Amino acid sequence: MQESEIIQGLREGNPAALDPLLELHGDRLLRSAVLLGGDTEEARDLVQETVLQAFRSARRFRGESRLFTWLYGILRNLARGRARRSERLVYTDELPEVPVSGCRAGEGMDRDFDSRAIWRALQRLSDEHREVLVLRYFEELSMEELSACLDVPAGTVKSRLHYALREIRAYLPDAVNLFRSGDTY
Amino acid sequence: MMTLNCNECGDCLFEMRDGTLPADRREAAERHLRSCPACRAEWELESRLGAAVKRSVSSAMSSFALDAESRRRILERAARGSANSPFTWNRLAAYAAAAALLAIAGWGALLGMRERPGKGGSVVRVAPGHQEVYLRTERPVRRIVVEQASPERVVVRITNRRRVDLLVSRQNGVEHGFRGSAVID
């Protein structure tokens with residue numbers, strides 16, 4: 001099912017539209033919720049609330065952004081609201097300790113080392129900087145989408161990205177060689 | 001012919017990646033990149049770093065997927081909500097009653113915050129396991145934000161610069177003192 005058909009279904013209040021929506025964006029939203037909140041159980045709750053709120057307010061969605069951008073905006077507001085309500089800050093060291101792929105010999109091993117180093121560096125960033133890097137490079141959002149998602153002007157997104165890139169580079173150990181593999185963004 | 005200096009070229013970087021830069025500016029940036037090794041290196045580094053962030057986050061987040069139970073719950077709640085959706089006066093009355101209850105509960109909570117429990121101080125709710133924290137202060141505090149709460153330590157921020165004499169966390173009916181744990185800004 002196409003995004004436009006899902007949106008149409010949501011606007012009509014048809015719960016059947018949620019199935020393809022979850023198929024398309026469920027895992028993605030969960031990963032974003034984990035990165036925003038750090039706790040897997042809470043992340044599942046957040047996704048649930050996000051999807052239900054999207055379902056209830058779909059008539060107000062004007063379709064000016066992509067579906068994920070809109071959903072992410074709802075998720076982010078809910079996560080912030082929860083953090084405020086519980087009057088508790090989410091600390092970067094609460095991010096789940098997850099193994100970053102298994103070890104392989106040679107080039108693969110070097111890449112695993114780099115991946116782990118980058119994950120650790122990401123955890124040291126401020127929430128704001130980590131979020132903008134993840135959205136840009138993992139979710140592959142454009143500057144326009146980032147601006148909509150984060151609810152800040154494009155200029156702010158740009159400077160935030162510049163600072164975030166500078167900060168993560170400072171946290172990377174010298175042994176990390178970004179030019180080792182041929183991958184580029 | 002438009003020319004760009006290093007700063008201006010750096011400023012174009014993200015829009016160039018998105019392909020949203022106007023043609024004349026894009027051509028000027030490309031010319032600058034061809035002639036400036038430092039900017040070319042930055043361009044390349046950003047690309048590699050982006051790819052490395054993507055690889056690292058993909059690898060760390062690969063195990064997070066929305067489970068069937070969460071999906072089922074979302075669909076069930078949406079279907080329930082949708083079945084109840086037609087407007088009725090009964091529903092309006094129920095909303096009004098709920099709003100009144102919320103207002104009463106909110107007012108009660110507000111009074112609770114100002115209450116001096118037993119030996120004086122203010123009450124704040126923190127993380128599960130710590131039902132209440134009593135702050136004994138020289139004078140009533142205006143605003144308390146719990147910044148960190150664990151069985152070992154509670155950190156609060158108090159905004160009206162009053163000295164905190166003692167912090168007490170009540171856990172399972174037993175009181176624990178946290179002298180000196182308060183952060184006062």
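Biologist: What separates A:Glu41 and A:Arg44 in helix α3 of chain A?

Modeller: About one helical turn, because the two sit three residues apart in that helix, which covers residues 40–57. Keep in mind that this is a predicted model.

Biologist: And why is the contact between A:Glu41 and A:Arg44 called a salt bridge?

Modeller: Their closest N and O atoms are 2.8 Å apart. The cut-off for an Arg nitrogen and a Glu carboxyl oxygen is 4 Å, so the pair qualifies.

Biologist: What makes A:Arg44 partly exposed?

Modeller: Its relative accessibility is 22%. Buried needs a value under 20% and exposed one over 50%, so A:Arg44 falls in between.

Biologist: Okay, what about A:Glu49 and B:Arg77: how do you know that their side chains meet in a salt bridge?

Modeller: Again by distance: N to O is 3.0 Å, and that is within 4 Å.

Biologist: Why do you say that this pair joins two chains?

Modeller: Because A:Glu49 belongs to helix α3 of chain A, while B:Arg77 belongs to helix α4 of chain B, residues 68–83. Both ends are partly exposed, A:Glu49 at 23% relative accessible area and B:Arg77 at 30%.

Biologist: Which residues are linked with them in a network of salt bridges?

Modeller: B:Glu69, B:Arg73 and B:Arg80 are in the network along with B:Arg72 and B:Glu76. Over all chains, the search turns up 22 salt bridges.

Biologist: One more residue: B:Glu46, in helix α3 of chain B. Is B:Glu46 buried or exposed, and how do you know?

Modeller: Buried: its relative accessibility is 5%, and anything under 20% counts as buried.

Biologist: What does the side chain of B:Glu46 make a polar contact with?

Modeller: With the side chain of B:Arg17, at 2.6 Å; the cut-off for such a contact is 3.5 Å, so that distance passes.

Biologist: And which residues does B:Glu46 touch, not counting those up to four places away in sequence?

Modeller: From chain B, B:Leu13, B:Phe14 and B:Arg17; from chain A, A:Tyr137 and A:Leu165.

Notes
Residues are numbered from 1 along each chain as its sequence is written. Chains are lettered from A and ligands numbered from 1 in the order in which they are written. This is a predicted model: local features need pLDDT of at least 70, side-chain atom pairs count only at pLDDT 80 or more; totals for chains, interfaces and linings use all residues. Side-chain values use heavy atoms; hydrogens and water are left out. Helices (H or I, at least four residues) and strands (E, at least two) are DSSP runs, numbered from the N terminus. Buried means under 20% relative accessible area, exposed over 50%, partly exposed in between (1.4 Å probe, protein chains only). A polar contact is a pair of N or O atoms within 3.5 Å; within protein, one must be able to donate a hydrogen and the other to accept it, and residues adjacent in sequence count only if both atoms are side-chain atoms. Contact means heavy atoms within 4.5 Å.
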